[in-house]
Amino acid sequence: MAVKKKSTGGSSKKEKQLGLLEGFVSELGFRLRYEKGSFVGGDCRVRDNRIVVVNRFLPVEGKLATLASVIRKINPPGIPPDVADIIDSIAATDLFSSGDR
C-alpha cells in the first residue's frame, strides 16, 4: 500500500512552482545545489561551472525567493510566462529584500 504525502495546504502549489524555477535555472546552464550552512543562497562560478546554491533548510517560500532572486539578477531573455508570473508574485511579497546582502 502506497503512503500518501500529507498535504500542508498550499505547499503542493509551491512545490510545483519550485520545480518550474529549478527547471528553468537548469535550462540556463546552472548546476543547482542544495547545501546546509549559514547562508540563504545565490549564484556563483567555480572555474567554468555556473552554480546556484540554495540553503536546504529554508522553507519552500525561502527556496522560491532565492531562485527568483537569482533569475531576476541574471535577467535572461525569453523567460517563460509561468516562470515570470512566479517571479513577479514573489517580488510583490518581497520575502527577502535584495538590500545589503
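The following legends describe close-up views of a predicted model.

Residues are numbered from 1 along each chain as its sequence is written, and side-chain values use heavy atoms, without hydrogens or water.

**View 1. The three-stranded open sheet has the order β1-β3-β2, with mixed pairing.** Strands are DSSP runs of E of at least two residues, and helices are runs of H or I of at least four, numbered from the N terminus; two strands pair if DSSP finds at least two bridges between them. Because β1 (31-35) and β2 (41-46) each have a single partner strand, one side of each lacks a neighbour in the sheet. The twist from one strand to the next averages 30°. Five bridges join β1 and β3 in the parallel sense, and R31 stands opposite I51 in β3.

**View 2. The largest nonpolar core contains 19 residues.** Such a core is a set of buried Ala, Val, Leu, Ile, Met, Phe, Trp, Tyr and Cys residues joined through side-chain atoms within 4.5 Å, buried being under 20% relative accessible area with a 1.4 Å probe, protein chains only. Helix α2 supplies the largest share, seven residues. I71 is among the residues with the most contacts inside the core.

**View 3. K63 lies in helix α2 (residues 60-74).** K63 is buried yet has no salt bridge (Lys or Arg side-chain nitrogen within 4 Å of an Asp or Glu carboxyl oxygen).

How values were computed
Predicted model: local features only at pLDDT ≥ 70, side-chain atom pairs only at ≥ 80, totals over all residues. Buried < 20%, exposed > 50% of the residue type's maximum accessible area, 1.4 Å probe, protein only. Lys, Arg positive; Asp, Glu negative; His and termini not counted. Axes fitted to C-alpha atoms, helices over the stretch in contact; angles between N-to-C directions.
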